[in-house]
Amino acid sequence: MWAWYEKYYKIRDNEKISDQKMMVRFVVTLVIIIVCLLGMSATSIAFYTVSIETGSNTVTPSTFYVLPEVTASKGKEAERDAQYKTVYKCVYHLSADSECTFTLTLPDNQTNLATTGYCRVRVGETTFYTKQFGKDVLDVGSTQPTTRTTVNFVVKTASAVDVTIEPCWGTCALTPIQDSGYQVNLS
């Protein structure tokens, strides 16, 4: 080993590096880098595979959604957009001169549902956020926890408008946060 080092790596004073020494240094460095990368890749794949197979680190996804119900008290019934058939985003088309009540309800007995969430509601160009849904949630400025499973709001419009409801899990830090019974009047 020492002789190999002396031949290819030792540079004496006033000596120039030959092409052969330079090429050996390059190849040895490249081989060491490739071996290290392969070793790191193999250990990370083995760790990932073991943690998946053993189930010791089971991660379950959390989701949050509400079940919207729309009741028209004036004009035609709100029409749900066929493109948004999921519970994670609902778009309703309201006709001109209509009034509809939207009731957003948490689903019952869902095991993977987040403990708290809110909804972002867009009515035309107007955006607002509902209060927190869930059990033992604290409202802004309140010290008493409350349980909220339903929020409703009313949309009155003179022209045709779209209402978009997007459930979001977690707590809302955006404003305006509106309580149940909020009315959106668009003329």
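Q: What do the side chains of Lys-131 and Asp-179 meet in?
A: Side chains of opposite charge can pair when their charged atoms come close. Lys-131 and Asp-179 meet in a salt bridge, 4.0 Å from N to O (a side-chain nitrogen of Lys or Arg within 4 Å of a carboxyl oxygen of Asp or Glu). This is a predicted model, in which local features need pLDDT of at least 70 and side-chain atom pairs pLDDT 80 or more, while totals for chains, interfaces and linings use all residues. Residues are numbered from 1 along each chain as its sequence is written, and side-chain values use heavy atoms, without hydrogens and water.

Q: How many salt bridges does the structure hold?
A: The structure holds three. Arg-120, Arg-122 and Glu-166 are linked in a network of them. The closest N and O atoms are 2.4 Å apart for Arg-122 and Glu-166, and 3.4 Å apart for Arg-120 and Glu-166. Glu-166 lies in strand S10 (residues 161-169) and Arg-120 in strand S5 (residues 116-123), so this pair ties together parts 46 residues apart in sequence. Strands here are DSSP runs of E, at least two residues, numbered from the N terminus.

Q: Is Glu-166 buried or exposed?
A: Glu-166 is buried, at 15% relative accessible area, whereas Arg-120 is partly exposed at 25% and Arg-122 is partly exposed at 29%. Buried means under 20%, exposed over 50%, partly exposed in between (1.4 Å probe, protein chains only).

Q: In which sense do S1 and strand S4 pair?
A: Strands of a sheet pair through backbone hydrogen bonds, either parallel or antiparallel. S1 and S4 (residues 98-105) pair in the antiparallel sense over seven bridges; pairing needs at least two bridges found by DSSP. Thr-71 stands opposite Thr-101 in S4.

Note on methods: Helices (H or I, at least four residues) and strands (E, at least two) are DSSP runs, numbered from the N terminus.
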